[in-house]
Amino acid sequence: MAKEFIKVPFEKFDYSAFKMINLDWLQITAMADDKVNTMTASWGGIGEMWGKYCAFIFIRPQRFTKTLVDRSQSLTLQVLPESMRDTMRYFGTKSGADEDKIANSKVTVVKDGSHVYFEESDVVLKCTKLFSQELDLEKAMDNPVVGKWYGNRDFHTMYIVAIDSVEVSKQWLDNHKNIVL
């Protein structure tokens, strides 16, 4: 039986970005040429830009998921249940260039138009790319950031993505009483 997802109005989506991105290990998922890949991300943000609700994500150049994000206009940001922490760790440490992480993890891919996500997800943000730019950390106000995080000079690309919709599983919504629809 397919998991039931409920669309949540943006202004009702009361879920800490700090928790969603860093503690719950946000997944960035994209599809191009029928190839789906995902990666675990712990850097980013959510807010407003250019009159749209947006997410700000950062991907290093060597990540295989970046090649799919760059070739697609759509992507999803999703949170998997805590019970799948080992799967999330796998998604964050293995490369889709070397193996089929999706098949190996046995997640169920759902294609919804140009968006792709996993049926096992608790939270799905369907997004459209608006902007991307490689970080130029030579201009960083705190130059020790470069030495600490970029010893290999592999600066992230920043993507600003419009959040087209927020969908949550019924089970997740039942456990988050602070979100009243």
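Modeller: Helices (H or I, at least four residues) and strands (E, at least two) are DSSP runs, numbered from the N terminus. This is a predicted model, where local features need pLDDT of at least 70 and side-chain atom pairs count only at pLDDT 80 or more, while totals for chains, interfaces and linings use all residues. Residues are numbered from 1 along each chain as its sequence is written, and side-chain values use heavy atoms, with hydrogens and water left out.

Colleague: Fine. Where does Trp-25 lie?

Modeller: Trp-25 is in the loop between α1 (17-23) and β2. Its phi is positive, near 60°, in a residue other than glycine. Most residues other than glycine have a negative phi.

Colleague: Is Trp-25 buried, exposed or partly exposed?

Modeller: Trp-25 is partly exposed, at a relative accessible area of 23%. Buried means under 20% relative accessible area, exposed over 50%, and partly exposed in between (1.4 Å probe, protein chains only).

Colleague: What lies over the face of Trp-25?

Modeller: Arg-85 does, at 4.2 Å from the ring centre. A charge sits over a ring if NZ of Lys or CZ of Arg is within 6 Å of the ring centre and within 35 degrees of the ring normal.

Colleague: And Gln-27, buried or exposed?

Modeller: Gln-27, in strand β2 (residues 26-32), is buried at 0% relative accessibility. A polar atom of its side chain lies 3.0 Å from the backbone oxygen of Trp-25. The side chains of Gln-27 and Thr-40 are joined by a polar contact of 3.0 Å. A polar contact is a pair of N or O atoms within 3.5 Å; within protein, one must be able to donate a hydrogen and the other to accept it, and residues adjacent in sequence count only if both atoms are side-chain atoms.

Colleague: Changing topic: how many aromatic pairs are there?

Modeller: There are 10 aromatic pairs. Rings of Phe, Tyr and Trp (its six-membered ring) pair if their centres lie within 6.5 Å; planes under 30 degrees apart count as stacked, over 60 as edge-to-face and the rest as tilted. Phe-5 and Tyr-117 have ring centres 5.6 Å apart and planes at 80°, so this pair is edge-to-face. It links distant parts of the chain, with Phe-5 in strand β1 (residues 5-7) and Tyr-117 in strand β8 (residues 115-118), 112 residues apart.

Colleague: How is β8 covered?

Modeller: On both faces: His-115 and Tyr-117 on one side and Val-116 and Phe-118 on the other are all buried. Strand β7 (residues 109-112) pairs with β8 in the antiparallel sense over 4 bridges; strands pair if DSSP finds at least two bridges between them. Val-110 stands opposite Tyr-117. The two strands form a hairpin with 2 residues between them, and Gly-113 in the turn has a positive phi of about 65°.

Colleague: What about Lys-106 and its phi?

Modeller: Lys-106 also has a positive phi, about 65°, although it is not a glycine. Lys-106 sits in the loop between α4 (101-105) and β7 and is exposed, at 67% relative accessibility.

Colleague: Last one. Which residues touch the most other members of the largest nonpolar core?

Modeller: Of its 31 residues, those are Phe-13, Ile-28, Leu-75, Leu-77, Val-123, Leu-125 and Val-168. Strand β10 (residues 157-169) gives the largest share, 5 residues. A nonpolar core is a set of buried Ala, Val, Leu, Ile, Met, Phe, Trp, Tyr and Cys residues joined through side-chain atoms within 4.5 Å.
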